[in-house]
Amino acid sequence: RRHTQNNGPTKTMALRARRSRVTVLGLSGVLCTISVDLSAPVREAQKVIEKAASIPVGEQRLLCNQQVLRSNDPLGEALQGGSEVTVVRCDSKTITVKLALETGNIVLERARRKAAERLAKLREVSGD
């Protein structure tokens, strides 16, 4: 039965036209196939993958054509016309370190740790 209130079928067809099927591959083969809006950011696909493959978004790294997809990029642009992504599962500590290296925050973190160590030594020497 079709529901035709307010041009329902036409609107439904337009929504379907924006969606595409994407095959999600793991290291051992196909994990799942998802239906996603290609104009949505990559993070929306990650949420769907989390539900379909039980891999938390925070542990996902998506790759397409040997490029890591960024969570804010539109999915259609990130896929570059393809219909497959590879998901690599990483623990959250590894991801944190990689992001820090990519953004340069690792330098700030090292400087903060060294300053804290020096402060601790000064307090030790001064008896505080």
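Student: Is Cys90 buried or exposed in this predicted model?
Tutor: Let's start with the cut-off: a residue counts as buried under 20% relative accessible area. Cys90 has a relative accessible area of 14%, so Cys90 is buried.

Student: How many disulfides does a search of the whole structure find?
Tutor: Good thing to ask once cysteines come up. A disulfide is a covalent bond between the sulfur atoms of two cysteines. Searching the whole structure for such pairs gives a count of zero.

Student: What is the order of the strands in the open sheet?
Tutor: Strands of a sheet pair through backbone hydrogen bonds, either parallel or antiparallel. Here the sheet is open, has five strands and shows mixed pairing. Reading across the sheet, the order is β2-β1-β5-β3-β4.

Student: Which strands stand at the edges, and why is one side of each left without a neighbour?
Tutor: Each edge strand has a single partner strand, so one side of it has no neighbour in the sheet. The two edge strands are β2 (29–37) and β4 (67–68).

Student: How many bridges join β1 to β2?
Tutor: These two strands run antiparallel, and a hairpin of two residues connects them. Within the pair, Val24 stands opposite Cys32 in β2. The number of bridges joining β1 to β2 is eight.

Student: Which residue in β5 is the bridge partner of Arg61?
Tutor: Strand β3 covers residues 60–64 and β5 covers residues 84–89. They run antiparallel and are joined by four bridges. In β5, the partner of Arg61 is Val88.

Student: Which strands does helix α2 touch?
Tutor: Helix α2 spans residues 42–53 and packs on the sheet. Its direction makes about 130° with that of β2. The strands that α2 touches are β1 (19–26), β2 and β3.

Student: Which residue does Lys47 meet in a salt bridge?
Tutor: Look inside helix α2, three residues away from Lys47, about one turn of the helix. The N to O distance is 3.3 Å, and the partner is Glu44.

Student: How many residues apart are Glu59 and Arg89, the pair in the other salt bridge?
Tutor: Their side chains meet at 2.8 Å, N to O. Glu59 is partly exposed at 23%, while Arg89 counts as exposed at 51%. The pair links distant parts of the chain, with Glu59 in the loop between α2 and β3 and Arg89 in strand β5, and the separation is 30 residues.

Student: What distance separates the C-alpha atoms of Gly58 and Lys47?
Tutor: Gly58 sits in the loop between α2 and β3 and is partly exposed, with a relative accessible area of 48%. Along the chain, Gly58 and Lys47 are eleven residues apart. Their C-alpha atoms are separated by 9.8 Å.

Student: Which element has the lowest mean pLDDT?
Tutor: The protein chain averages a pLDDT of 80, and 73% of the residues score at least 70. Among the elements, α2 has the highest mean, 96, and the lowest, 47, belongs to residues 8–18. Over residues 10–17 the pLDDT is below 50, and this stretch has zero contacts in the model beyond near neighbours in sequence. The element with the lowest mean is helix α1.

Conventions
Residues numbered from 1 in each chain as written. Heavy atoms only, no water. Pairing = 2+ DSSP bridges. Contact = heavy atoms within 4.5 Å. Axes fitted to C-alpha atoms, helices over the stretch in contact; angles between N-to-C directions. pLDDT = per-residue confidence, 0-100. Salt bridge = Lys/Arg side-chain N within 4 Å of Asp/Glu carboxyl O. Buried < 20%, exposed > 50% of the residue type's maximum accessible area, 1.4 Å probe, protein only. Disulfide = S-S within 2.5 Å.
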